[in-house]
There are 2 protein chains.
Amino acid sequence: MVRIVDVAAEAGVSPSTVSHVLSGKRPISEATRERVLEAVRRLNYVPNPAAQALRERSASAIGFYGSDISETFVARNIRGVERVARHAGYHLLFASGIEFDYDVGRALDFLHSRRLDGIILAFAFNETEPIPFPRGLDCPVVTINRAVPEGYHSVLPDNRRGGYEAGRHLLESGATRIGFIGGPPNRPASSERQLGLARALEEHGLALEERRVYLGDYSQGSGVIGLRRLLEADPGIDGVFCVNDFTAAGAINAATQLGRRVPEELKVLGYDDRDFAEFWPVPISTFSYPLEEMGQYSAELLLSLMRGDSLPELTHYIPSTLVRRRSTAS
Amino acid sequence: MVRIVDVAAEAGVSPSTVSHVLSGKRPISEATRERVLEAVRRLNYVPNPAAQALRERSASAIGFYGSDISETFVARNIRGVERVARHAGYHLLFASGIEFDYDVGRALDFLHSRRLDGIILAFAFNETEPIPFPRGLDCPVVTINRAVPEGYHSVLPDNRRGGYEAGRHLLESGATRIGFIGGPPNRPASSERQLGLARALEEHGLALEERRVYLGDYSQGSGVIGLRRLLEADPGIDGVFCVNDFTAAGAINAATQLGRRVPEELKVLGYDDRDFAEFWPVPISTFSYPLEEMGQYSAELLLSLMRGDSLPELTHYIPSTLVRRRSTAS
DNA sequence: CTATAATATGCAATCGATTTGACGACTTGT
DNA sequence: ACAAGTCGTCAAATCGATTGCATATTATAG
């Protein structure tokens, strides 16, 4: 491998001159400059990043942990993160949860041991178990889709507001007897959306009645079962907010099978804007996350923390936007 | 940051002893060993990876390029790669195509400049433009989903065989007038599957008639249009092989709208086993790629190349497996 | 009780790029 | 023509871990 001394020899100068030419940290005469650059090109020289990192006490690297990279949520986050990071001259070290047996702790230990300049943790599901940060972890950390009580910064989707807007939209589209098919109660994503929905209904003088709530497991199957239960409990239901698009798809399937026309007799609203929502037999109205922007924003946050800025807010909420499709058309 | 000399001082030994304890490359008496380990724990020492990389002339890192990380194909590849890589003591440096404006060349330049021990390139779509490998790139390279004429190793899905098995399956399920809705002709994934399908039909004394072939763009919309065209050209069509699940979903939608019952009157077969295929109103029969295994396999390939093994075969085909669902039930 | 082997530990050079202080070669003003 | 000042370049120290060689220590044999 060609070293800086080789380039120096080729150009007939000292290594420090080569370094100065490349970094521009000292003025170099145009003639030597040209000669050095020519030598660099001829020898195809690339500085050894390990030597640079050692000398500069910084790997110019950001660690990215994703609880599951094959989840769209995480995969699209990373795109935003990468854009910002690379622009700022940092590269991405990758560690997914899967390979650590879903163990954030071990992934963090690993990232810590790599002496990174910053770490971003992205979670596909907003669980609530605490994150075991390694002791001695001294670099800035930003989390995506998980609130961290320990005082780290986090970027979160505004689920409460999403639920609220879901309620408003269903009301505006003419529904009055509105139900909710959610996920497990310990999942903030689900419970927050439910709370938002309830508030929207209350503002309209309505209540989110308990018999109109079914809590499943985010799956398509729980949409099927959930819709059946809801109709049993109240056959007059005319609008359902589902915690995600899988559930909404199941609900639409079930409604169609039971002879209820969507959206004429029943409005169904999903969440997440999965790829299939757009062309489901009844195209599904849903909420789209600005996933790349969330990644981007968290990387910008991390960069300011790395620069030493202290930011007042610890949690940063990002709104989702409603995507109107046929399943809630008036 | 605590250095090896700090640990040495704390334990009352020399740095080299600490190094030997940690690496186990030389025998150390149990007593000193304990003392050193205790010091390491007390000071929370982690070796500086840059210094190690510099000294050992290896970053213990593998570069991963994904043409688009938010594509399931690539995202699941990376999981397999990571599993194998980390087990062998390597970590993953990540570069996605998106952030280089889809430019493989610049991503490769970047990965090259990081002095990696090996590089894996995963492509979401099997295009045919040549890959601009940087000159002086001296580390092993393995590509996924892209044949590379330049003599690099590649791991590819066996599309020809998939198409062949698609044909066999449609025939077995009772169809005889079989059509194909594909992607653009320059895409090997599409054309190979078509060739495989044609061969299966020929073996049965049938031909893949040109009027029964529609080439679209992989989208759901081209499934809708494609199916209409095919039915116009030959109303008696009773089986359609679609190049992917989006197209198959569109074809099923269109068939349902035109009053053709799937699968009773028309069998529809997809490819890729996307998440929605399982619970589409008519669950879609499809082919599932062993995506993680492909990642795993390519990483294993890369590791042997890094060890200096020379492998006879350059292209390694991985079969997909048929997933039988309702859309092709007899 | 010395000689020899075996074992454990330390010293110092090394990996490759960066940077500080120093120095030589010019230019400019008086 | 000389002092003062620029400008460009270089030599050498530095970052932190590893390792070949040397040495100190202990065990074993003669």
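Two strands are taken to pair if DSSP finds at least two bridges between them, and helices (H or I, at least four residues) and strands (E, at least two) are DSSP runs numbered from the N terminus. This is a predicted model in which local features need pLDDT of at least 70 and side-chain atom pairs count only at pLDDT 80 or more, whereas totals for chains, interfaces and linings use all residues. Residues are numbered from 1 along each chain as its sequence is written, chains are lettered from A and ligands numbered from 1 in the order in which they are written, and side-chain values use heavy atoms, with hydrogens and water left out.

In chain B, strand β5 (residues 153–157) runs parallel to β11(B) and is joined to it by 4 bridges, with B:Leu156 standing opposite B:Tyr317 in β11(B). Strand β11 (residues 315–318) has B:His316 and B:Ile318 on its covered face, while B:Thr315 and B:Tyr317 lie on the uncovered one. In a regular strand the side chains alternate between the two faces of the sheet.

| Residue | Relative accessibility |
|---|---|
| A:Gly179 | 0%, buried |
| A:His112 | 12%, buried |

A:Gly179 is part of strand β6 (residues 178–182) of chain A. Neighbours within four places in sequence aside, its contacts (heavy atoms within 4.5 Å) include A:Leu197, A:Arg212 and A:Phe241; A:Leu197 is 18 residues away in sequence, with a C-alpha to C-alpha separation of 9.4 Å.

A:His112 belongs to helix α6 (residues 104–113) of chain A, and, with neighbours within four places in sequence again left aside, it is in contact with A:Pro134, A:Arg135, A:Gly136, A:Leu137 and B:Val46.

Key: Buried < 20%, exposed > 50% of the residue type's maximum accessible area, 1.4 Å probe, protein only.
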